[in-house]
Amino acid sequence: MNKGGFVEFDFTLKADGRVVDTTLKLVGEEGKLQKSFFRPVLIAAGEGMVVPGLDKALLELKAGDEKTFSLPPLDAFGERNPEL
């Protein structure tokens, strides 16, 4: 994937094993998410539109690739702060 190239992808975000957000309808319904729609996300890869670890991982993919991966907190939203 070239920097700035458009990529459409599905994701599921979990915290402590609980689904917090997803683009997949079945996963959202199972996790009892209150969303009005579920559809893939479209972004420009490498442009900082998503967390750094995801941006980097997307740049390593080729058109048509399918990959499942997990991001450690430091490559995503940071370590959890129990006070928040």
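**Figure 1. T22 and T12 meet through their side chains.** In this predicted model, the side chains of T22 and T12 make a polar contact at 2.9 Å. T22 belongs to strand β3. With a relative accessible area of 0%, T22 is buried, because the cut-off for that label is under 20%. Setting aside neighbours within four places in sequence, T22 is in contact with F11, T12, V27, G28, L33, K35 and F38.

**Figure 2. T23 reaches for the backbone of F11.** Step along to T23 and you are in the loop between β3 (18-22) and α1 (25-30). Here the side chain of T23 comes to 2.9 Å from the backbone nitrogen of F11. Is T23 buried or exposed? T23 has a relative accessible area of 5%, so it counts as buried. Beyond its neighbours within four places in sequence, T23 has contacts with F9, D10, F11, F38, R39, P40 and V41.

**Figure 3. F9 and the largest nonpolar core.** Which residues make up the largest nonpolar core? There are nine: V7, F9, I43, A45, V50, V51, L54, L58 and L61. Both β1 (6-9) and α2 supply at least two residues of this core. For a closer look, centre the view on F9: leaving out neighbours within four places in sequence, F9 is in contact with T23, P40, V41, I43, V50, L54 and L58.

Figure 4. P52 sits in helix α2, which covers residues 52-59. P52 has a relative accessible area of 57%, and therefore counts as exposed. Not counting residues up to four places away in sequence, P52 touches D75 and A76.

**Figure 5. A nonpolar patch on the surface.** Now for the outside of the model: L13, V20 and F77 form a nonpolar surface patch. Together these three residues have about 280 Å² of accessible area. F77 comes from the segment after α2. Why does F77 count as exposed? Its relative accessibility is 65%, and the label applies to values over 50%, so F77 qualifies.

Methods. Residues are numbered from 1 along each chain as its sequence is written. This is a predicted model: local features need pLDDT of at least 70, side-chain atom pairs count only at pLDDT 80 or more; totals for chains, interfaces and linings use all residues. Side-chain values use heavy atoms; hydrogens and water are left out. Helices (H or I, at least four residues) and strands (E, at least two) are DSSP runs, numbered from the N terminus. Buried means under 20% relative accessible area, exposed over 50%, partly exposed in between (1.4 Å probe, protein chains only). Contact means heavy atoms within 4.5 Å. Patches are made of residues with over 30% relative accessible area and no salt bridge: like charges are joined within 9 Å, nonpolar side chains (Val, Leu, Ile, Met, Phe, Trp, Tyr) within 5 Å. Accessible areas come from the Shrake-Rupley method with a 1.4 Å probe; for residues, only the protein chains shown count as cover. A salt bridge is a side-chain nitrogen of Lys or Arg within 4 Å of a carboxyl oxygen of Asp or Glu. A polar contact is a pair of N or O atoms within 3.5 Å; within protein, one must be able to donate a hydrogen and the other to accept it, and residues adjacent in sequence count only if both atoms are side-chain atoms. A nonpolar core is a set of buried Ala, Val, Leu, Ile, Met, Phe, Trp, Tyr and Cys residues joined through side-chain atoms within 4.5 Å.
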